[in-house]
Amino acid sequence: MAPRLRTTLFALMGATVLATSSLLAVKPASAEMTDAQKKEMGAFVREYLIANPEVLIEVQQAYEKKQYESRMSQAGPAIIENKDAIFSDKNDIVLGNPDGDVTVVEFFDYNCGYCKHALEDMDAILEKDKNVRFVLKEFPILGPESVAAHQVANAVRLTAPEKYPDFHRKLLGGETRATEATAMEVATSLGLDEAKLRQSMKDQPNEANVKTTYRLANALGITGTPYYVVGNEALIGAQGADAIEEKIANIRKCGKGSC
């Protein structure tokens, strides 16, 4: 059984216990149910779900909303507490206007499919709004290949920062899985020297940077990518350019993500 469906069923069973208890004449909640009572309740729940399958969707939506609200409530104070690490880390790459009046921070992984889709959102925002500062925070969480690809990216950042924007767009926008080999192929296609990059990877590895980002992500309650911070608020997932632009406009209007 898929984890999300299992969670939904557990939530539904918990919500129907009170209703079924009167029908089944079970003992108080503190008493253990007999095998017969468990079987009867299971049959009741099964019958109910078959007759009303839309309840599964409703419960799942309610559960996801609750989880989202929980993560958002965690993010607010964490953004204030970690403001400098989020917006001003010297190890991050800044695109757009480095002196822009609004900063958008994106946590991303080169193998994140949603991040690949969101690349268009970033470019659309930067094309339209020349006063946005866009910070890229590398957050490899999708396995060893992602970690290796980000190591190459870090070497590009250190040895040829002027090439990083093109490297980023080409690797993230690629159709193949990002690995050390594919990342290096992208870097050399931009005219960078592989030997120099590999020496940088050896001399200045990015393990410390990644650990710092992991700790920051843990404080923010990040469980996936892309994850954006705009002003005092977080945006979870690839919600599209319009959602980010709305937060940018609000910050200019009232100094907060939501006016």
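Predicted model: local features only at pLDDT ≥ 70, side-chain atom pairs only at ≥ 80, totals over all residues.
Colleague: How many aromatic pairs does a search of the whole structure find?

Modeller: The search finds six aromatic pairs.

Colleague: Why is the pair of F107 and F139 called edge-to-face?

Modeller: The ring centres of F107 and F139 are 6.0 Å apart, and pairing requires centres within 6.5 Å. Their planes stand at 85 degrees, and angles over 60 count as edge-to-face, so the pair belongs to that class.

Colleague: Which parts of the chain does this pair link?

Modeller: F107 belongs to strand β2 (residues 102-108), while F139 sits in the loop between β3 (132-138) and α6 (144-159). The two residues are 32 residues apart, and the pair links distant parts of the chain.

Colleague: What makes the pair of F139 and Y214 edge-to-face?

Modeller: The planes of F139 and Y214 meet at 75 degrees, with ring centres 5.6 Å apart. Because the angle is over 60, the pair is edge-to-face.

Colleague: Why is this pair said to tie together separate parts of the sequence?

Modeller: F139 lies in the loop between β3 and α6, whereas Y214 lies in helix α10 (residues 207-220), so the pair ties together parts that are 75 residues apart in sequence.

Colleague: Why is F139 called buried, and why is Y214 called partly exposed?

Modeller: F139 has a relative accessible area of 5%, which is under 20%, so F139 is buried. Y214 has 34%, which falls between 20% and 50%, so Y214 is partly exposed. F107 is also buried.

Colleague: Which residues do ring pairs link into a cluster?

Modeller: The cluster consists of F107, F139, Y214 and Y227.

Colleague: Which residues make the contact of α5 with α11?

Modeller: Helix α5 contributes D121, I125 and K128, and α11 contributes A241, I244, E245 and I248. By class, four are nonpolar, none polar and three charged.

Methods
Residues numbered from 1 in each chain as written. Heavy atoms only, no water. Phe/Tyr/Trp six-rings, centres within 6.5 Å; stacked < 30°, edge-to-face > 60°. Helix = DSSP H or I, 4+ residues; strand = E, 2+ residues; numbered from the N terminus. Buried < 20%, exposed > 50% of the residue type's maximum accessible area, 1.4 Å probe, protein only. Contact = heavy atoms within 4.5 Å. Nonpolar A, V, L, I, M, F, W, Y, C, P; charged D, E, K, R; others polar.
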